[in-house]
Amino acid sequence: MTSTRYGDAIEDALDRLDDLGYERGGDADLANHGPMAAEALAVLGHGDQVPDWVRGYRAAMDHHEPPSARFAIGESSWRDALGAFDRVGDWEALFQRELAEQPWREVLARWWPRLLPGLFSRLTHGVIRTAHAVRSVASTDQPSQRQLTELARGLAYWAARYTGLPGQARFVGQRALTEAVAALPRPSSDLPPGARFARVGSLPGYAAALESIGADQLPDLLGDMTTTFAGIALAHPEINPVPLVHGVTAPAAVRLVLPHLPAELVEPSLAALWQVHTALLLMFTGDAAAEADVLARAMDTDVPAFDELIERAVEHGDEHVIKFTEACLREHVLRPDPRFPAAVFAAQQRIPRWADRQ
């Protein structure tokens, strides 16, 4: 276990990662995972490993240059800048300014409902980066400038990669989440995920699914989401594992933020998550037969204890594995379910280790 305090590990990580841009991978435009995974490492009790992990992360893939601010975004112009990634520097400047002038919870509460319709942004990385930053600033009565800057960057990435989905989810149906997932048609398709996303609103079952869950399900819905989608990630070894882990890390991230928001934002947050989940299922999964008995199969799987899974995640090194392990552990503590450790164990085997990428 680490001898480095959480706050010290965060400060060190943010300092080491400060000069990286929002995305990486040349033309791939993959989200910068450095601050998120470093924060998760510190939460898992491995703050001592953060400096070495950051060095490895920086060496693994080139990042884009940090953006510059060009034109101010104000109260009358912010809507036009949503989803404009070439304005990400302007978004960062806006949030830096607001966080310097107002308490961070007030800024968060004002912008959360504005950004919720674009929750899908880059496979939910906007809200996930924001949530890791929120956990960091909430850990102290006096957040540092680096912590507030990271919160500004999480919100800026969400706003600049804002991606709306067609329709609107409403809890006016009769189904539980598991029933809604099972009822969603998922015919096999040769179309790549991007092409499916472009026509997601017209795919069979999409519109009906958005209104299929009942309002009586709301009290337990976050836990239902993380357990169900841990099972979905486990059930599909034939699919690239990375997109499906966000079915867990996104609602787990929202759970981190909700205590700092007004109560009236809980239901729209859950609705936005269900809409994202529906899109993820239609984009990335086909045959759902393996999901039917995944709980029973998880119960029969010989999986290491979470302490060992954490050690394996740190040794594995991949940022998705680290974040997924931390999110599943946190959810498992709240609501123990064999799908969490089984899904973590599977992800650690399916996602390439850093050492294997060299």
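His246 is buried, with a relative accessible area of 1%. Keep in mind that this is a predicted model.

**Exercise 1.** Find where His246 sits and which residues it touches beyond its neighbours within four places in sequence.

*Solution.* Start with the element: His246 lies in helix 13. Next, check the burial: 1% is under the 20% cut-off, so His246 counts as buried. Finally, collect the contacts, leaving out neighbours within four places in sequence: Leu123, Thr124, His125, Ile128, Pro251, Leu280 and His320.

**Exercise 2.** Describe how helix 12 and helix 13 pack.

*Solution.* Two packed helices are described by the angle between their axes and the distance between the axes. For helix 12 (residues 221-235) and helix 13 (residues 241-257), the angle is about 160° and the axes are 7 Å apart. An angle over 145 degrees counts as roughly antiparallel, and helix 12 and helix 13 are therefore roughly antiparallel to each other. Their crossing is left-handed. Residues making the contact include Leu222, Met225 and Phe229 of helix 12 and Leu244, Val248 and Arg255 of helix 13. By class, the contact has ten nonpolar, three polar and one charged residues.

**Exercise 3.** Work out how the buried residues of helix 3 are arranged and what covers them.

*Solution.* First list the buried residues of helix 3 (residues 50-60): Val50, Pro51, Trp53, Val54 and Tyr57. They span an arc of only 160° around the axis, so they are on the same side of helix 3. Then turn to the face away from that buried side, which carries the exposed residues Asp52 and Ala59. Lastly, the cover over the buried residues includes helix 1 (6-17), strand 1 (23-24), strand 2 (30-31), helix 2 (34-43) and helix 17 (319-334).

Key:
Residues numbered from 1 in each chain as written. Predicted model: local features only at pLDDT ≥ 70, side-chain atom pairs only at ≥ 80, totals over all residues. Heavy atoms only, no water. Buried < 20%, exposed > 50% of the residue type's maximum accessible area, 1.4 Å probe, protein only. Helix = DSSP H or I, 4+ residues; strand = E, 2+ residues; numbered from the N terminus. Arc of directions from axis to C-beta. Contact = heavy atoms within 4.5 Å. Axes fitted to C-alpha atoms, helices over the stretch in contact; angles between N-to-C directions. Parallel < 35°, antiparallel > 145°, perpendicular 65-115°, else oblique. Left-handed = near helix turned anticlockwise from the far one by under 90°. Nonpolar A, V, L, I, M, F, W, Y, C, P; charged D, E, K, R; others polar.
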